[in-house]
Amino acid sequence: MADLWLQFLLTIDATLRVGTPLILCAMAGIFSEKSGVIDISLEGKMLMSAFAAAAVAALTSSALAGLTVAIGVSVLLGLLHGLASITLRGNQVISGLAINILASGLTVTIGIAMFQQGGQTPNLARAERFRPIELPLAEQLSSLPLIGPIYREVISGHNILVWVALAAVLFTAYILTRTRFGLRLRAVGEKPEALDSAGVSVARTRYMALIIAGVLCGMAGAYLSTAHGSGFVREMTAGKGYIALAAMIFGKWQPRGALLACLLFGFLEAVASRLQGVNVPLIGEAPVDLILALPYLLTVILLAGFVGKAMPPRAIGEPYVKER
Amino acid sequence: MTPPPALPRWADVGLIPLINVLAALVVSGIVVAVIGENPFEAMMVMIKGAFVYKGSLGYTLYYATNFIFTGLAVAVAFHAMLFNIGGEGQAYLGGLGAGLTCLMFDSMFPALILVPLAIMASASFGAVWGAIPGYLQAKRGSHIVITTIMFNFLAASIMVWLLAGRLKAPGQMSPETRSFSANAELPFIHDIVNAFGVEMARSPLNLSFVVALLACVGVWVLIWRSRLGYAIRATGHSTGAAEYAGIPVSTIIIITMAISGGLAGMMAINEILGVQHRTILGFTSGYGFTGIAVALMGRNHPIGIILASLLFGALYQGGAELDFEFSTITREMVLLIQGLIILFSGGLAFMFNRPLAHLLGLLLAARSAKGGQNG
């Protein structure tokens, strides 16, 4: 029983670690999509910034420098998305897709040119990564019943970016609902003409949203390669950007809902990796592939309105044409 | 900003795609130069690899076959203003359909029955995988882009689960089915040509290429010469108007997505029946996404799609050659070019329109002024 409890706590701990990039990307997605810009480029932005973070960390031996450049790269991609979909009024889905494919090609091409390791970056030493932060008294308190193990296994020992991700949820909720900018951002995704007639620039508001989204995706990428992992591996995002997109939809474009969805999807992934090759009573070998497919299936079911209703922002996907 | 100015049709159809490819090549060339290699040398390697070396043209056409199918799939959906980015998953399931048919019947039927049956199975599996997102869009209001993305991942999960489980050939480690018997194979073109006594180098090019060309004709007839095609285009132009004219828009959306998915599913016949002769993991290798670039460049017209498929076939085959000739640039270069082409011809579609329209306007004005003097 005690062993099972520990297993459970370790799975929850893994949920947080796996869920962190999802949370950051989902918040990024909320910013873009609430402003009316479809953002399937979460994946590409995360991939490029994961590479940038690891490459810069390997060259400078500083995880922080890596993070900074990663954010910069991700914001640049966001601006490219903006140029295509806001200024030039191109198709937002296509430009997002282009960014994803571009990122796949660029990371490997530049990676091989820089490090000659088949597209990987060198393995990062401990000092070049974001390290786990042991909270005070974690060991001393671990003998306490119930709270002790939870404190030691689940709450203590995360790196700074995990905490940043959780803070990002509060930040997103605060910005969207409590600030003038947040009100404008939501309005621009619902009824841009209203904002326009009030004398606020639709384009500028959407660009701001994309820049914030870029910052968040940049952190998610840096987390993957310099905190959770120890270096960049080609295609290391492996569809996480799309899972985050699904989580954002599953959370009905709301920070709290998206957080819960990210944790649910993270939990499924954590469970799946623990069940790899395990024989479950009655079922036989655990159907890990099917567990991993659940986020996509759940999102489809929810979007179809079979469970609740997920309503996207009304003006999403439409370039704004100023009326004269 | 005023809406983008209208270009003459020849410029829109002919000039703009050329400019887009050129822009993509220039940017990729800059990347190659930054890496420290000579972009022109890389270009030459790719052209030689795609057309000059023995058998290379066959490889180029073999890749093009995949792109014709997935490009047509995207184009058909585009005509109804539906963005099907699920070609990858639909093609993957098409491979399941072809594979299941061959596994079940390859000891039973001769090639003349088995192969058409397998082709139909791949098309119908793909069609179902396209029609479900179509239904969800038409009847339940889910966004087709998101659903088709999710269906790509679902298809991948199903295939991993099946190929590593039930369908895996006994006594074998790799996740793939057993090889089909010879009557399930689509013949290679070089075998056919050699049978007529003409020398042709070996390549994976097979009869699927002919099927792909037939599909182009079929799509042309469907979109521009049939009642259904009219309904599809009407739905794409204006859902409201189509509805008012008595077109059952929901049904059209579902049918369009089924046709689109079926075309994508048929990509599997090139890979599974033509080359691999068994269903393997990940045989779609992103060709479904390349179909988007192909449709964008080919302006959703079968002829444009054939030309764009040739271009991408050459890029893929030439790109493979980069691996051998350079230590620093690899076939991933092609992904970069592909991403840039999608960006320039899709996302940044209107970037070149304005300057080009302006330029053409100036040229035409100059010519008519000159004509005025002479006359």
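**Exercise 1. Describe how α7(A) and α10(A) pack.**

The crossing of α7(A) and α10(A) is left-handed: in a left-handed crossing the near helix is turned anticlockwise from the far one by less than a right angle, and in a right-handed one clockwise. The model is predicted; local features need pLDDT of at least 70, side-chain atom pairs count only at pLDDT 80 or more, and totals for chains, interfaces and linings use all residues. Residues are numbered from 1 along each chain as its sequence is written, chains are lettered from A and ligands numbered from 1 in the order in which they are written, and side-chain values use heavy atoms, with hydrogens and water left out.

Step 1. Locate the helices. α7 of chain A covers residues 160–178, and α10 of chain A covers residues 202–228. Helices (H or I, at least four residues) are DSSP runs, numbered from the N terminus.

Step 2. Take the geometry. The two axes come within 10 Å and cross at roughly 160 degrees. Axes are lines fitted to C-alpha atoms, for helices over the stretch in contact, and angles run from 0 to 180 degrees between N-to-C directions.

Step 3. Classify the angle. α7(A) is therefore roughly antiparallel to α10(A). The cut-offs are under 35 degrees for roughly parallel, over 145 for roughly antiparallel, 65 to 115 for roughly perpendicular, and oblique for the rest.

Step 4. List the contact (heavy atoms within 4.5 Å). α7(A) supplies A:Leu161, A:Val162, A:Val164, A:Ala168 and A:Phe171. α10(A) supplies A:Ile212, A:Leu216, A:Met219, A:Ala222, A:Tyr223 and A:Ala227.

Step 5. Sort by class. This contact has eleven nonpolar, no polar and no charged residues. Ala, Val, Leu, Ile, Met, Phe, Trp, Tyr, Cys and Pro count as nonpolar; Asp, Glu, Lys and Arg as charged; the others, Gly among them, as polar.

**Exercise 2. Which accessibility class do A:Gln116 and A:Lys252 fall into?**

Step 1. A:Gln116 belongs to the loop between α4 and α5 (138–141) of chain A. Its phi is near 50 degrees, a positive value in a residue other than glycine. At 55% relative accessible area, A:Gln116 is exposed.

Step 2. A:Lys252 lies in the loop between α11 (240–250) and α12 (255–275) of chain A. Its phi is near 55 degrees, again positive in a residue other than glycine. At 33% relative accessible area, A:Lys252 is partly exposed.

Methods: Helices (H or I, at least four residues) and strands (E, at least two) are DSSP runs, numbered from the N terminus. Buried means under 20% relative accessible area, exposed over 50%, partly exposed in between (1.4 Å probe, protein chains only).
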